[in-house]
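I opened a new notebook page for this structure. My plan was to look things up one by one and write down what I found.

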Amino acid sequence: MHEFKDPSRLTRVAVICLWIYLACDTAFGLATLFSYVTNPDPDPLELGIADLIGLADFVTVIVCFVVVGCWIYRASANAHVISDDMTISPGWGVGWYFIPFANLVKPYQGMKEAWMASHFRDNWHGEPTPALLGWWWGLWLVSNISANFAFRVTGVEPSFEASLLWLVSNVMGVG
């Protein structure tokens with residue numbers, strides 16, 4: 001059904017995209033925070049610079065969704081070539097990220113299956129799950145929950161508190 005394809009190039013592109021996104025997201029948070037630290041009531045021009053950085057941030061997050069989604073699909077498809085025991089298809093390995101409530105568990109399950117099948121072949125069911133995978137998922141959840149909270153606190157107008165929450169979310173997202 002699936003054919004094994006070398007993911008090296010796609011992995012490099014995904015890592016580069018993630019670093020660019022992290023830089024843009026951090027720059028956006030810092031620019032907004034700086035606007036409030038230097039002036040508690042910043043004028044629209046000061047926030048306009050942060051908004052331009054925010055636009056770059058938005059573009060990079062969309063690019064990351066696509067590129068990392070392709071990488072997740074490729075990793076899962078390759079794992080399916082190695083092992084017949086997987087329960088989550090490559091398409092659902094990506095799709096579960098977009099299904100409310102299921103996105104709290106199923107993407108982890110898909111990544112765990114792909115990781116375990118890729119590293120242990122057909123004997124992966126009896127192997128312990130690496131702690132790195134749990135840490136990755138835990139930081140992913142905390143990052144997304146804090147980003148959601150920051151988004152809700154921001155409302156229509158950005159604020160110092162919301163900017164600080166975005167930075168905390170970014171730090172958690174590094175994981």
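**Entry 1: helix 1.** I started with the buried residues of helix 1. They are Ala14, Cys17, Leu22, Cys24, Asp25, Gly29, Ala31, Thr32, Leu33, Ser35 and Tyr36. I noted that the model is a predicted one. Next I checked the length. Helix 1 covers residues 8-38, 31 residues in total. From first C-alpha to last it reaches 44 Å, close to the 45 Å expected at 1.5 Å a residue.

**Entry 2: the whole chain.** I then stepped back to the protein chain. I found six helices and zero strands. Read from the N terminus, the order of elements is α-α-α-α-α-α. The chain has 175 residues, and 34% of them count as buried. Residues 24 or more positions apart account for 63% of them.

**Entry 3: cysteines.** How many disulfides are there? I got a count of zero. I wanted the reason for Cys17. A disulfide needs two cysteine sulfur atoms within 2.5 Å. The closest cysteine sulfur to that of Cys17 belongs to Cys64 and is 5.1 Å away, so it is too far for a bond. I checked the pair from the other side. Cys64 is in no disulfide, and its nearest cysteine sulfur is that of Cys17. Are these two buried or exposed? Cys17 is buried, with a relative accessible area of 14%. Cys64 is buried as well, at 5% relative accessibility.

**Entry 4: nonpolar cores.** Which residues form the largest nonpolar core? I listed six: Ala79, Met86, Ala114, Met116, Ala117 and Trp124. Helix 4 gives the largest share of this core, three residues. Another core lies apart from it and has five residues, including Ile72, Val94, Tyr97 and Met111. I went back to Trp124 for its contacts. I left aside neighbours within four places in sequence. Trp124 then touches Ser83, Asp85, Met86, Glu113, Met116 and Ala117.

**Entry 5: Phe101.** Where does Phe101 lie? I placed it in the loop between helix 3 (90-95) and helix 4 (106-120). Phe101 counts as exposed because its relative accessibility is 70%, and exposed means over 50%.

Notes. Residues numbered from 1 in each chain as written. Predicted model: local features only at pLDDT ≥ 70, side-chain atom pairs only at ≥ 80, totals over all residues. Heavy atoms only, no water. Helix = DSSP H or I, 4+ residues; strand = E, 2+ residues; numbered from the N terminus. Buried < 20%, exposed > 50% of the residue type's maximum accessible area, 1.4 Å probe, protein only. Expected span 1.5 Å × (residues − 1). Contact = heavy atoms within 4.5 Å. Core = buried A, V, L, I, M, F, W, Y, C linked by side-chain atoms within 4.5 Å.
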